[in-house]
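Let's take a friendly walk through the pockets of this model, and then stop at one residue. Have the viewer open as you read.

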Amino acid sequence: MAVQIPPGTSESHGDTHTLRFRVTLPHPAERVWLALTTPGGLRGWLAETEVLQSRLGGEVVLRRPTTRPPSVASGTVTDWEVERVVEYTAPEDDRMRFRLEPGGPGETVLEFTGEFRGTEDLRLDRLAGWHDHFLLLADSLDGRPADWPAWSPERREDLRDRYEARDFDAT
């Protein structure tokens, strides 16, 4: 069963943007937590993990396989509550916060907040990028991790166009 990813929202104050997504995943919190906080879990939907110290103040180094050449983002774990909250900061993204809460039976609700500085174009790119990553997360949790060598930017470009046009009636 394909998980529907509701469109993310954003607020902007000057060049500072806050993105928000709320995604209900048909998996227990323990499984979603592992996808957010372990090298194997992150590889399936977000990035290759070079370093991930699973503790407050720990170092995080992620290699993004979707950029050409792959980019590397280094940061710090700024919040860590086991099976509930993980937050990373990195120079490029500034802040990525993932909060888990119970959903219906066998479900977990993932609340994502991302804060960064940049242009309006970057805001649209990031909305589309995170939406795409949450589609990949849902697939990975269903046993279909991202095939990074076969990844194509077409879906992300379509999502960006939809965010720009605010056209999510068909989501």
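## The largest pocket

In this predicted model, 21 residues line the largest pocket, and those nearest its centre are Thr66, Asp125, Arg126, Gly129 and Arg156. Of the elements, α3 gives the most, with six residues.

How big is the volume of the largest pocket? It comes to about 460 Å³.

Next comes the second largest pocket, with a volume of about 170 Å³. Its lining has 13 residues, and Val3, Gln4, Ile5, His131 and Leu135 are the closest to the centre. Here the elements that give two or more residues are α3 and α4.

The class breakdown for the second largest pocket is six nonpolar, three polar and four charged residues.

## A stop at Thr113

Now for a single residue. Thr113 sits in strand β8, which covers residues 108–117. Is Thr113 buried or exposed? Its relative accessibility is 16%, so Thr113 counts as buried, the cut-off for buried being under 20%.

Which residues does Thr113 touch, leaving aside those up to four places away in sequence? They are Thr18, Leu19 and Arg20, together with Arg95, Met96 and Arg97.

Note on methods: Residues are numbered from 1 along each chain as its sequence is written. This is a predicted model: local features need pLDDT of at least 70, side-chain atom pairs count only at pLDDT 80 or more; totals for chains, interfaces and linings use all residues. Side-chain values use heavy atoms; hydrogens and water are left out. Helices (H or I, at least four residues) and strands (E, at least two) are DSSP runs, numbered from the N terminus. Buried means under 20% relative accessible area, exposed over 50%, partly exposed in between (1.4 Å probe, protein chains only). Contact means heavy atoms within 4.5 Å. On a 1 Å grid over the protein atoms alone, a cavity is a set of points where a 1.4 Å probe fits but cannot get out, and a pocket is an open set with protein on both sides within 12 Å along at least five of seven lines; lining residues have an atom within 4 Å of a point. Grid points are joined across faces, edges and corners, and a volume is the space filled by probe spheres set on the points. Ala, Val, Leu, Ile, Met, Phe, Trp, Tyr, Cys and Pro count as nonpolar, Asp, Glu, Lys and Arg as charged, and the others, Gly among them, as polar.
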